[in-house]
Amino acid sequence: MKSSSFSSLITKMNGSNYEMWAMQVKQTLIAHDKEHLILEPEPVQKVGKYGTWFKDNSLVMVWIVGTLSQDIANEVLHKESAKDMWDSLAATYSQARNETRIMQLHHDIHQMRQDGRPLHTYYSSLKSMFERLNSYFPACKCEQQKAYRDMLMVGVFLSGLDSVYESAKNQMLTSPSIPPIDEAYSRLSRIPIPAATVPDTTSAMLPTRGRGGSFFARGRGGRRRGTPTPRPVCQFCHRIGHTVDKCWQKHGRPAFANQTASTESSEPPKAQHTAPSSELRVDDLLSQLRSLIGDRPQHASDPTTSTVTTAA
């Protein structure tokens, strides 16, 4: 393999990504059966796979330098073997015994939540943090310990999901065996999720029918029970109930409001109490009869009698 091909497979090490860089270099060397050049000292007897040790050592040194930034490469150019380079970089940049970093990773993992992000983004971020945490510990060969780490990983993953996955999450947690995190993600990714999961507030704009109810809502004012819709506030007069584009103080009263006001003002006044018209006609008739016959008032107590006498 050429040096350029090797370096193209490895993330260039800049000092802050040592763990990722070291993992990639080691796995690539294992694939080419040359990992012993960074893990074992120079052999005394160069036989077997060590027969080409000088050639292989020089090749791996060139590969390693090609994956380092210029400043870091200058630090190890004087080393005599690939193992010396590897050990020097590990002593300088490895955080294998950085307890502060381990505690920070524990904290970040248990605080991580989906928070509306796409499921694959949340899954990748959480799993990457677990992988970084595991890199600080020696490879575990105990099946029980590995099972515990896998259960912890899927537990944290499920607990941080958004509420849209609540039903599926409960089914997994209450099943006889909790699936690994990869299988849990695979199941969740097949669940159809609406594009918009936020509540729809446009129902407040629907026409209302009758007194205090809309076609689709219950309760006073057509509002959904438990989710009240805030009333608009005018930015001009600061009153509640209308917006600035409908403010009468800014734009004047509309034509329909003036028409309503004039109609109300033109209504006839309420009728005052007046005497019945029949009573007024009787009094007038009595006055006319008295003037014709010259009767005194005290003899005109019975209107019916006076009328009959005149007729006679």
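**Cut-offs at work in a helical chain**

Guide: Welcome! The chain exposes about 22100 Å², and carbon and sulfur atoms supply 55% of that area. Accessible areas come from the Shrake-Rupley method with a 1.4 Å probe, and for residues only the protein chains shown count as cover. This is a predicted model, in which local features need pLDDT of at least 70 and side-chain atom pairs count only at pLDDT 80 or more, while totals for chains, interfaces and linings use all residues. Residues are numbered from 1 along each chain as its sequence is written, and side-chain values use heavy atoms, with hydrogens and water left out.

Visitor: How many helices and strands does the chain have?

Guide: The chain has 15 helices and zero strands. Helices (H or I, at least four residues) and strands (E, at least two) are DSSP runs, numbered from the N terminus.

Visitor: What makes Trp53 buried?

Guide: Buried means under 20% relative accessible area, exposed means over 50%, and partly exposed lies in between (1.4 Å probe, protein chains only). Trp53 has 6%, so Trp53 is buried. Phe54 has 53%, so Phe54 counts as exposed. Across the 312 residues of the chain, buried ones make up 25%.

Visitor: How do you know which rings form an aromatic pair?

Guide: Rings of Phe, Tyr and Trp (its six-membered ring) pair if their centres lie within 6.5 Å; planes under 30 degrees apart count as stacked, over 60 as edge-to-face and the rest as tilted. By this rule there are six aromatic pairs. In one of them, Trp53 and Phe54 are 5.3 Å apart centre to centre with 85 degrees between the planes, so this pair is edge-to-face.

Visitor: How do you know that the charged end of Lys46 sits over the ring of Trp53?

Guide: A charge sits over a ring if NZ of Lys or CZ of Arg is within 6 Å of the ring centre and within 35 degrees of the ring normal. The charged end of Lys46 is 5.7 Å from the centre of the Trp53 ring and counts as sitting over it.

Visitor: What makes Lys83 and Asp87 a salt bridge?

Guide: A salt bridge is a side-chain nitrogen of Lys or Arg within 4 Å of a carboxyl oxygen of Asp or Glu. For Lys83 and Asp87 the N to O distance is 2.7 Å, so the pair qualifies. These two are four residues apart in helix α6, separated by about one helical turn. The whole structure holds six salt bridges. Another of them joins Glu166 and Lys169 at 3.4 Å, N to O. Glu166 is partly exposed, at 34%, whereas Lys169 is buried, at 12%.

Visitor: Which residues have the most contacts inside the largest nonpolar core?

Guide: They are Met13, Trp21, Val60, Ile64, Leu68 and Leu89, in a core of 25 residues. Such a core is a set of buried Ala, Val, Leu, Ile, Met, Phe, Trp, Tyr and Cys residues joined through side-chain atoms within 4.5 Å. Apart from this core lies another, of 24 residues, including Met112, Leu126, Ile181 and Leu188.
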